[in-house]
Amino acid sequence: MIDAGKAIEEAEEFIQGEEQAKKRCFVGLCPDLKTRYLLSKKAEKKALAIDKLRNEGDLDSISFRPRLLQIVASSVYNREALNSRVLFLKQVMDALRDPNLNMIGVYGMGGVGKTTLAKEVHRQAIEEKLFDVVVMVAVNQTPELRRIQSEIADVLGLTFDVEEIPGRANRLYERLKKEKKVLIILDDIWKQLDLKAVGIPFGDVCRGCKILLTSRSQDVLSREMRTQKEFRLDVLQDEEAWSLFEMTLADAKDSELPPIAAEVAKKCAGLPLLLLTVATDLRNRESYAWNDKLKQLSVFDNEEIYAKVHSVLESSYNDLPDGDKYGFVKIHDVVRDTALSIASREQHAFIGTSGSELMEWPNKDSARISLPYCDIEDLPEGWECPKAELLLLFTEVLSLGIPDLFFKGIRNLEVVDFTGMRFVSLPSSLAFLSNLHTLCLHRCQLDDIAIIGVLKQLRVLSFANSYIVELPGQIEH
């Protein structure tokens, strides 16, 4: 790097010398040939020196962009006077400062506040400049390795020059090893995540890389991810639960809470997600709404907390105006489970479970079908689902093929989204979809897609992050 810096300085001097060469002899009528000759010889030597530096340098083809700063959440612990959470945060931060620890975990039931805690760690680590790089990524039930890689790369300012996940992992791995102090927060882990497959160095190979994991399960952290230390995040005690409940209602028009408010808060069993949901529902509501909510919460014991959460969330959904129901789902994992239950029952939706084997295919009454990273060996040839209007199929298995007559029995589809597939050619039965107006082929490898040209009703066509050999002539024009 010192030689390279010297070469740059000399190049700048050479450019300044070029101005001298522009001067002319004989009252400006002739160029200064002697000066130009000397500069040309000097330029030839510099070019050879720079070329030698380039060949000797340990350079790769990775390109770098300006680093993107992730949005840092404002602190909620101090605002809501949650002293136990502040102390818990301090324990986690102390562990991250411990030079003998490089992978720690936080576990607790759904809705207890693990993601909120992770955001607090993210914020504090950045504000106190404890690390050179701090990045937080949601992993979720079915990890999308490509997305996780991209989110980490964005913070590093790294641009991948390869598309395959293993190649991207190698680039990310080498890039992270160059950083002295890194904190990677992987939120919401449900099962073992292969850090090497993502491209995250850990342990002795990269002592400067610290990893914080959150999960519902201690076993996932200690046995599968082999964390060195785990912290259990519990529900709030009564006093802090009431503080959170009261603060959520603080901006209500009627500042005087009904007499049963404390009892309602207590029925939320100290679970932050439930406290926030109930308090938000009851803000500026009449006394009868408070009584109804208390009865609803009293149906279940505090030990039956998940049943209580689902009941309250479904009640919140039913209270929304019809026009707002499609925007209801802010995907917390507990909220998502409730939303899927509602969709399956009320909108004739069939929604597969990510990471699980698909035991049966949607019936003929299904109008909306979502298969998000389900374990599917083969797609059916003669599948009949005449009422289906929407089909989403996400996979990481490029070898999963679609039979040529796959769409013949589901010809009323209006929206189709395939993610993570490879097509030598799109199925000819795609031509049956005369009502199709949206086709998304994301992260796909696409060779022959000429059949798209016959889809006359198509209004939205997306090839986000896909590899395409050639666009059909109808699209080009």
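## Contacts and overall make-up

Two residues are in contact when heavy atoms lie within 4.5 Å. Among contacts in the chain between residues at least 6 apart in sequence, 55% join residues at least 24 apart. The model is predicted: local features need pLDDT of at least 70, side-chain atom pairs count only at pLDDT 80 or more, and totals for chains, interfaces and linings use all residues. Residues are numbered from 1 along each chain as its sequence is written, and side-chain values use heavy atoms, with hydrogens and water left out.

The chain holds 15 helices and 18 strands. These are DSSP runs, numbered from the N terminus: helices are H or I, at least four residues, and strands are E, at least two.

## Burial and surface

Of the chain's 477 residues, 44% count as buried. Buried means under 20% relative accessible area, exposed over 50%, and partly exposed in between (1.4 Å probe, protein chains only).

## H122

H122 sits in helix α4 (residues 114-127). H122 counts as buried because its relative accessibility is 3%. Leaving aside neighbours within four places in sequence, H122 contacts Q70, I71, V72, V134, V135, M136 and I185.

## E357

E357 belongs to the loop between β10 (349-351) and β11 (368-372). Its relative accessibility is 52%, so E357 counts as exposed.
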